[in-house]
Amino acid sequence: MSKIGLIVLGWILGILSTLFARWLQTKEEKKKKELEIISETLKYLFKIRQTYNNLVADTKVTKELSKKYPEKAPVLEAKMLEAFNKDIANDFFPNLIFHSFQLKRLKDQSFWQDFEYLMNKYDALTEMTLGKRKKENYSERNKEMMDLMKNFIDKSIAKTKV
């Protein structure tokens, strides 16, 4: 084989190896981005659960204190709602939209669907807790919520196994 043939062959092998390396790098970056999106969404869900747990605790304390001090019930309820609104007002809706958008970017659209379903259930549960909706099977709804959360976490773990 002539020198020109060897040069062309080397050039072709160099281009192929560069393209292969770039393909591998792109695939790795995509996987890394998926992991980041899922982990940030999980952090958000844990934060939302904590906000909800705070609301439930505040509601129980407010009810108990309202029984002992009925004249202070409106003030206690206002403070409880103020604390809840403070938690929600900071960044709840922008983060909800952001995480929903991020999950839509994933190839596996079931994460986005599960997230939307989970957030709709949180909304219904929060309305029950605040008394805006009839408390039908509240403990059953809360258990369902915890199961949905567990399933989302398990699915996320399975997807992000290293």
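## How α1 meets α4

Let's start with a pair of helices: α1 and α4 pack with their axes 10 Å apart, at an angle of about 160°. Angles over 145 degrees count as roughly antiparallel, so α1 is roughly antiparallel to α4. The crossing of these two helices is left-handed. Keep in mind as you read that this is a predicted model.

Which residues make the contact? From α1 come Lys31, Glu34, Ile38, Thr41, Leu42, Leu45, Phe46, Arg49, Tyr52 and Val56. On the side of α4, the partners include Tyr138, Met145, Met149, Phe152 and Lys159. Sorted by class, this contact has twelve nonpolar, three polar and four charged residues.

## How α2 meets α3

Now turn to another pair. Helices α2 and α3 pack at an angle of about 165°, and their axes are 10 Å apart. That angle makes α2 roughly antiparallel to α3. Their crossing is left-handed.

Here, Leu81, Phe84, Phe92, Leu96, His99, Ser100, Leu103 and Lys104 of α2 meet residues of α3, among them Phe111, Trp112, Phe115, Glu116 and Met119. By class, you will find ten nonpolar, three polar and two charged residues in the contact of α2 with α3.

In soluble globular proteins, nonpolar side chains tend to be buried together. In this model, the largest nonpolar core has 24 residues, and the members that touch the most others are Tyr44, Leu45, Phe92, Phe115, Met119 and Tyr122. At least two core residues come from each of α1 (3-68), α2 (73-105), α3 (110-130) and α4 (138-159). The largest share, nine residues, is supplied by α1.

Setting aside neighbours within four places in sequence, Tyr44 is in contact with Phe92, Asn95, Leu96, His99, Phe115 and Met119.

## A closer look at His99

One of the contacts of Tyr44 is His99, which lies in helix α2. Is His99 buried or exposed? Buried means under 20% relative accessible area, and His99 has 5%, so His99 is buried.

What does His99 touch, leaving aside its neighbours within four places in sequence? The residues in contact with His99 are Glu40, Thr41, Tyr44 and Phe115.

Technical notes. Residues numbered from 1 in each chain as written. Predicted model: local features only at pLDDT ≥ 70, side-chain atom pairs only at ≥ 80, totals over all residues. Heavy atoms only, no water. Core = buried A, V, L, I, M, F, W, Y, C linked by side-chain atoms within 4.5 Å. Buried < 20%, exposed > 50% of the residue type's maximum accessible area, 1.4 Å probe, protein only. Helix = DSSP H or I, 4+ residues; strand = E, 2+ residues; numbered from the N terminus. Contact = heavy atoms within 4.5 Å. Axes fitted to C-alpha atoms, helices over the stretch in contact; angles between N-to-C directions. Parallel < 35°, antiparallel > 145°, perpendicular 65-115°, else oblique. Left-handed = near helix turned anticlockwise from the far one by under 90°. Nonpolar A, V, L, I, M, F, W, Y, C, P; charged D, E, K, R; others polar.
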